[in-house]
Amino acid sequence: MTMKNTIAILATLSLLVACKKENSNTITPTDTTGYGSLKGTVTKNTIMPNGNGAYNPNAVVPAANVKVTVKVNKNALYPASNASGADVYSTTTDAKGFYNIDIKTNANGVSALVTIEGFTGTMDTIVNGNTRTGLFTNYIGTQQTRQIIIGQANQFDYLMANSTINSNPNTIYQIGTGIVTGSVAVNQFKQVQTGTLVSLTSTNIPLANHKVYMTFNKDPNTLATKYYEVTTDANGVYSFNVSTVLNGTAGFNQNATIWVADYATTQDTISTSNTIKTGRAGVFQSITTNVNGIYNNSVKNANNFVYTNFVRN
C-alpha cells in the first residue's frame, strides 16, 4: 500500500467518527417537564348582622376541609407520546379556606381539570363570634379547566353557592324573651267544724321548692327543641324566661309543653286547730299542660298545676 492510499483511508475514518459523534448529539432526549401550582381560597355564605339592626344573608366566611382535586392527562403532559392515564393531585382547604397544590407540567403548559367538591352543611348565623346553627344546606361545588405552566402559580378562588335542602325561613329574625308563669299546689283534706259537727273538705296547699319542666318546640338559637327546668318559690309560683322570636316570624309557632312529675308524699289532713295529721303514703300523679304562641314580650300566666289524683301505696 502506498503512502497516498494510507493517508486517504485515515482521512475517511476520521470523517466517519466525526459524523457519528455529531449524530449522537442531535438525538439526545431532554426532559421539558417541571412544576407549576394551583392555589386559592374557597369561601361560603353565612348570615351576620349588617350593623344597621338587620342581617346580611350573603356574608362570606372561609370554607374549611373542602376537598380540591386536579387531574392532568398523561397525553397532555407528554404530547408527543402515546402515554395514557392521568396524574391526580388532591388536598383539602385549611381553616382559612386556603389550598395550594404543586402540579407536574411541561414547557407549554397543561390543561388541568380542577374539581372543588360540594358538601352538605348548615346555613348558620354568626353574632358576636357565636354561631347559631341553621338548617341543612347543599353547598355547590364546581369543575373548571385551568392552564398550569412551569414556574407559575395559577390563582383559583371560589365562592360556594348554597341551596337549602328544606325551606329555611329563619335566616333573618329578632330574638327576645317571652314569659310563662303559674303555680303548683297539692290538694289535701281539711277539717271544718260547724257547731259540734266536724266534716272534711279539700284545700290546695302551695308547693315550695318543687320542680317544673318545659320543652319548647323551636329555640331560635339552635332551631331545635329546648328543655327548661325551674323551681317554685316559697309561694309555689314558677316562671320561665323563654328565648323566642317576634310574633309572625315565619317558621316559628313557638309552642311549649309544661309538666310536673309524679309527686311521692302522703295525703294529709289539716285539723281544725291547723295541725297536720299525716295520712297514708302514695303518689300524686303527674300533670301536663300545653301553652301556645310564646313570642317576644308575651306573658303566658295562670298556668297552674294542682295535684289531685292520688294513688295510695
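Hi everyone, let's begin with a sheet: three strands make up an open, antiparallel sheet in the order S20-S23-S27. Its edge strands are S20 (263–266) and S27 (310–312), each pairing on one side only. From one strand to the next, the twist averages 35°; the axes here are lines fitted to C-alpha atoms, for helices over the stretch in contact, with angles from 0 to 180 degrees between N-to-C directions.

Some quick background. This is a predicted model, where local features need pLDDT of at least 70, side-chain atom pairs count only at pLDDT 80 or more, and totals for chains, interfaces and linings use all residues. Residues are numbered from 1 along each chain as its sequence is written, and side-chain values use heavy atoms, leaving out hydrogens and water.

Strands are DSSP runs of E with at least two residues, numbered from the N terminus, and two of them pair if DSSP finds at least two bridges between them. Strand S23 (residues 281–284) pairs with S27 in the antiparallel sense over three bridges. As part of that, Val283 has Val311 in S27 as its bridge partner.

Now to the loops. Which residue sits between strand S15 (197–206) and strand S16 (211–219)? That's Asn209, which has a positive phi of about 55° although it is not a glycine. Most residues other than glycine have a negative phi. Asn209 is exposed, at 65% relative accessible area; exposed means over 50%, with a 1.4 Å probe and protein chains only.

Asn297 lies in the loop between strand S24 (287–291) and strand S25 (299–300). Its phi is near 70°, again positive in a residue other than glycine, and Asn297 is exposed at 71% relative accessibility.

How values were computed. Helix = DSSP H or I, 4+ residues; strand = E, 2+ residues; numbered from the N terminus. Buried < 20%, exposed > 50% of the residue type's maximum accessible area, 1.4 Å probe, protein only.
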